[in-house]
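Here are some notes on the model you sent, written as numbered points. Please read them with the structure open beside you.

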Amino acid sequence: MKTFESLADVAACVGQEVAVSDWVTITQEQVNRFAEATGDHQWIHVDVERAKAGPFGAPIAHGFLTLSLLPVFFESALDIKGSSMGVNYGLNRVRFTSPVPVGSRVRARMTLQACEAIEHGGQQMTWGVVVEREGADKPVCFAESLVRRYP
């Protein structure tokens, strides 16, 4: 966990990989709950037996499930003591570059790409987030995440 005393301390890290999150294990129960929440019941995610015979040899997580873990990754990787709250401001770019089989462990590497002052003494941060799967040759997701933090 990377700890900062203030928002200004974070701003000094533009251009640097700032933190790496904890590993998160993707379970079939989690995939099924995500399918229920979103209505995306495609067999490659929820039909375990059929997915075993599919192109990936196992059920895989929804790409948007992987993306939805960004807050979990940030929570385990960063602590900004001078900030009382943060909000997701959106995404500029997202790519799902490799499947995430159920049972995989994933984590994120965060690079601060930009940081600018906003209203109420806050900062808007642009984070380059690379989600990697343990043991895989290439990342599973690239995202440019916009986060607003306030004192």
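1. A disulfide is a pair of cysteine sulfur atoms within 2.5 Å. With that cut-off, a search of the whole structure, which is a predicted model, finds 0 disulfides.

2. Cys141 is buried, with a relative accessible area of 0%.

3. Cys141 leads on to the strand that spans residues 141-150, strand 8. Is strand 8 largely enclosed or largely open? Of its 10 residues, 7 are buried, so the rest of the structure largely encloses strand 8.

4. Which strands pair with strand 8? One of them is strand 5 (residues 85-96), which runs antiparallel to strand 8 and is joined to it over 10 bridges. In strand 8, Ser145 has Leu91 standing opposite. Another is strand 7 (residues 122-133), also antiparallel to strand 8, with 9 bridges. Here Gln123 stands opposite Arg149 of strand 8.

5. Next, the loops around strand 7. The loop between strand 6 (105-118) and strand 7 holds His120. His120 is not a glycine, yet its phi is positive, at about 60 degrees. His120 counts as exposed, because its relative accessibility of 69% is over the 50% cut-off. The loop between strand 7 and strand 8 holds Ala136, which counts as partly exposed at 26% relative accessibility.

6. Ala136 and Ala19 are 117 residues apart along the chain, and their C-alpha atoms are separated by 20 Å. Ala19 sits in strand 2 (residues 17-20). Is Ala19 buried or exposed? Ala19 is buried: its relative accessible area is 7%, and the class is defined as under 20%.

7. Which residues does Ala19 touch, once those up to four places away in sequence are left out? They are Lys2, Ala77, Leu78, Ala108, Arg109 and Met110. For Arg109, the C-alpha to C-alpha distance from Ala19 is 6.0 Å, although 90 residues separate the two in sequence.

8. Contacts can also be counted for the whole protein. Among contacts with a separation of 6 or more, 71% are between residues 24 or more positions apart.

9. As for the overall layout, the protein has 6 helices and 8 strands. Read from the N terminus, the order of the elements is β-α-β-β-α-α-α-α-α-β-β-β-β-β. Along the principal axes, the C-alpha atoms fill a box of roughly 50 × 30 × 25 Å.

10. Last, the surface and the charges. The protein has 151 residues, and 42% of them count as buried. Its accessible surface is about 7900 Å², with 49% belonging to carbon and sulfur atoms. There are 14 positive and 17 negative side chains, and the centres of these two sets lie 4 Å apart.

Technical notes
Residues are numbered from 1 along each chain as its sequence is written. This is a predicted model: local features need pLDDT of at least 70, side-chain atom pairs count only at pLDDT 80 or more; totals for chains, interfaces and linings use all residues. Side-chain values use heavy atoms; hydrogens and water are left out. Buried means under 20% relative accessible area, exposed over 50%, partly exposed in between (1.4 Å probe, protein chains only). Helices (H or I, at least four residues) and strands (E, at least two) are DSSP runs, numbered from the N terminus. Two strands pair if DSSP finds at least two bridges between them. Contact means heavy atoms within 4.5 Å. Accessible areas come from the Shrake-Rupley method with a 1.4 Å probe; for residues, only the protein chains shown count as cover. Lys and Arg count as positive and Asp and Glu as negative; His and the chain ends are not counted. The place of a charge is taken as NZ of Lys, CZ of Arg, CG of Asp or CD of Glu.
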